[in-house]
Amino acid sequence: MVKKETKAIKRVRTLLRVSSHQQLEADGDLKLQRQIVSDYVDQHEDWESDGKEYFEGGISAYKNSAEDRAALQEAYKDAENKEYDVLVIYKDDRLGRQMLSTMQYIMALKVLGVDVYTVKDGCISPEADDIMGLIMLALRYGSAQKSSSDTGMRVKDTAQKLAAVGKFMGGKAPYGYRLENSGELSKHGRLLKTLVICPDEAEIVQYMYRLSLNMEFGSVKIAKILNENEKHRQLAPDKKNWRGETITSILTNPIYSGRTAYKRREKINGKYRTLDSKDWIIAKEPNETIRIIDDDTWNRVQDKRALRAGRYTKKLENQNVTVISRNDGMLPLIDILHCGYCGCKMVNGSKYNYWTIKDTGERRTSKIPIYKCNQAWQGVPHDKTKQFRADKVDPVVFNVLSEYIDKLQENEDIFQLINQKQNEEKRRKESELAKEQKELDKIRNGIAVMKSKIPEAITGNYALTIEELMSAVRTHEKQEQEQQDKINQIKTELEHSSVSVKEWEEIHQKLPTWKEIFQNTDVSRKRVLVNKLIERIDIRKDKINIRFKINLDEFLQSRMSMDYGVPE
């Protein structure tokens, strides 16, 4: 009697994907996918599912390659570990819509012994030497990529047409408006939203336009005025301080004249860029229900802003000017200099001086490097002093450094004591770094565990709902970023934490005086030396406070004054 052979059981897992958050929230498409895929698996007697399901929600398979999709990378890792033999998907486009990336992924799984099946087409994983199979696979995903590209173009074309006739294209409501249900449904059965004016915010918008038109104030000046009024400041977006760029966005958005606009920004080389207004798609007729600014005011504000920009960028009197640049790059104190009024780090800036040579009549200008407070320049409440000339500040700091070194040189043994103390501080920082890194790993492991529970939450087999779980994931991801920032700060402090004995000896032997160092060396070297010695500098109109990394009071009897005057 011939013994009947039994087929080896294949271990099966499934991949489900919904491309939009709306689909995820509605869950209709997802439930349908899951049921169809489950029925398909049950039709194969030699298949056995272990219950694990890879899931993606709100991820575009056209815009994201396989390398950038966590679910696909998890499935690949499990395949490397020989955990399953078959990956089942609803349709081929659930796996991807990029021809090369998706083909490479399927063939990589094939090498690991995993075949990809779709409910409609069965196995789509060809053998490596199956030329026709590879061609069919290329055609399959080439067609999917082209379809997505064509759909994207149709969506953009439709959006432009809708914007041109005044339809709101969705997204977050601009300042001055809120979103309300319109009572209409899209062809996909989703409830459409409409813009409604918020009266209090609309008054702020009108006030901005009056200041811009009648007073000819720029965005930063308007931000300062709004921030000085507590009521106006409380009405800022997210109840934070008004900033210049926020004002600019409001003063240039056609929505406030009742006209919806499209293509104000465009993604270029992976980054969004603001396009010139001539390239915008703007509604031809205003929607009076959302108008906050009348046409005359809107147009005059745009004209005056353009004139002001022209005055700053191309004054007639400064045409054909010979520019003498004195800004050699990054300023030497830029890493450690902070605004003494608000505490934010000062940034690089420039101011210009103009003059005429009497003998030739030639117009010239010089560019003077300055340290400026970016918060103040954006209109955040501040003392009126918001910038300092580098040629006034740097000499003061360098003279203090010279005095500091003179004190150090009074005691030859002090370098050994300093080195010992710095090593102790370095060990403490390294221990702190290890502790914080451990905490970061703990947070990341928690996020990974929570994300692995998403399929269970969607099916209702988890203690939390999908909304509660995703909220917890977002909270932990925010904690992850905060923890990473803390670690980066500690690493930076470690890099600049010490001046070795050898470095001190080099300074002694090769550099006669600190004044000479800062007179003759380049900016890059100055920054290194300054960062070695100074932890932080706070600057105000009337004084500079310097905090050294090594407090000489711990080693020397004499005490150094830490506050120094500075010319504005």
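What follows is a set of exercises on a predicted model.

**Exercise 1. Work out whether Leu494 is buried or exposed, and find what it touches.**

Step 1: Find the residue. Leu494 belongs to helix α15, which covers residues 466-495.

Step 2: Check the accessibility. Leu494 has a relative accessible area of 16%, and buried means under 20%. Leu494 is therefore buried.

Step 3: List the contacts, skipping neighbours within four places in sequence. That leaves Lys426, Lys429, Glu430 and Leu433 in contact with Leu494.

Step 4: Leu433 and Leu494 are 61 residues apart in sequence, while their C-alpha atoms are 9.3 Å apart.

**Exercise 2. Decide whether Met132 is buried or exposed, and name the patch residues around it.**

Step 1: Met132 sits in helix α5, residues 131-164.

Step 2: Its relative accessibility is 54%, and the cut-off for exposed is over 50%. So Met132 counts as exposed.

Step 3: Now the patch. Together with Ile131, Ile135, Met136 and Leu139, Met132 makes a nonpolar surface patch of about 520 Å².

**Exercise 3. Classify the ring pairs Trp47–Tyr117 and Tyr209–Trp298, and say where the partners lie.**

Step 1: Get the overall count. The whole structure holds seven aromatic pairs.

Step 2: Start with Trp47 and Tyr117. Their ring centres are 4.9 Å apart and the planes meet at 80 degrees; since planes over 60 degrees apart count as edge-to-face, that's what this pair is.

Step 3: Trp47 is in strand β2 (residues 47-57) and Tyr117 in strand β4 (residues 115-118), so the pair ties together parts 70 residues apart in sequence. Both Trp47 and Tyr117 are buried.

Step 4: Move on to Tyr209 and Trp298. Here you get 6.4 Å centre to centre and 40 degrees between the planes, a tilted pair. Tyr209 is in helix α6 (residues 199-214) and Trp298 in helix α10 (residues 295-313), 89 residues apart. Again, both Tyr209 and Trp298 are buried.

Step 5: Look for a cluster. Ring pairs join Trp47 and Tyr117 with Tyr40.

**Exercise 4. Which ring does the charged end of Lys221 sit over, and how far is that end from the ring centre?**

Step 1: Follow the Lys221 side chain to its charged end, which sits over the ring of Phe217.

Step 2: Read off the distance: the charged end of Lys221 is 5.4 Å from the centre of the Phe217 ring.

How values were computed:
Residues are numbered from 1 along each chain as its sequence is written. Side-chain values use heavy atoms; hydrogens and water are left out. Helices (H or I, at least four residues) and strands (E, at least two) are DSSP runs, numbered from the N terminus. Buried means under 20% relative accessible area, exposed over 50%, partly exposed in between (1.4 Å probe, protein chains only). Contact means heavy atoms within 4.5 Å. Patches are made of residues with over 30% relative accessible area and no salt bridge: like charges are joined within 9 Å, nonpolar side chains (Val, Leu, Ile, Met, Phe, Trp, Tyr) within 5 Å. Accessible areas come from the Shrake-Rupley method with a 1.4 Å probe; for residues, only the protein chains shown count as cover. A salt bridge is a side-chain nitrogen of Lys or Arg within 4 Å of a carboxyl oxygen of Asp or Glu. Rings of Phe, Tyr and Trp (its six-membered ring) pair if their centres lie within 6.5 Å; planes under 30 degrees apart count as stacked, over 60 as edge-to-face and the rest as tilted. A charge sits over a ring if NZ of Lys or CZ of Arg is within 6 Å of the ring centre and within 35 degrees of the ring normal.
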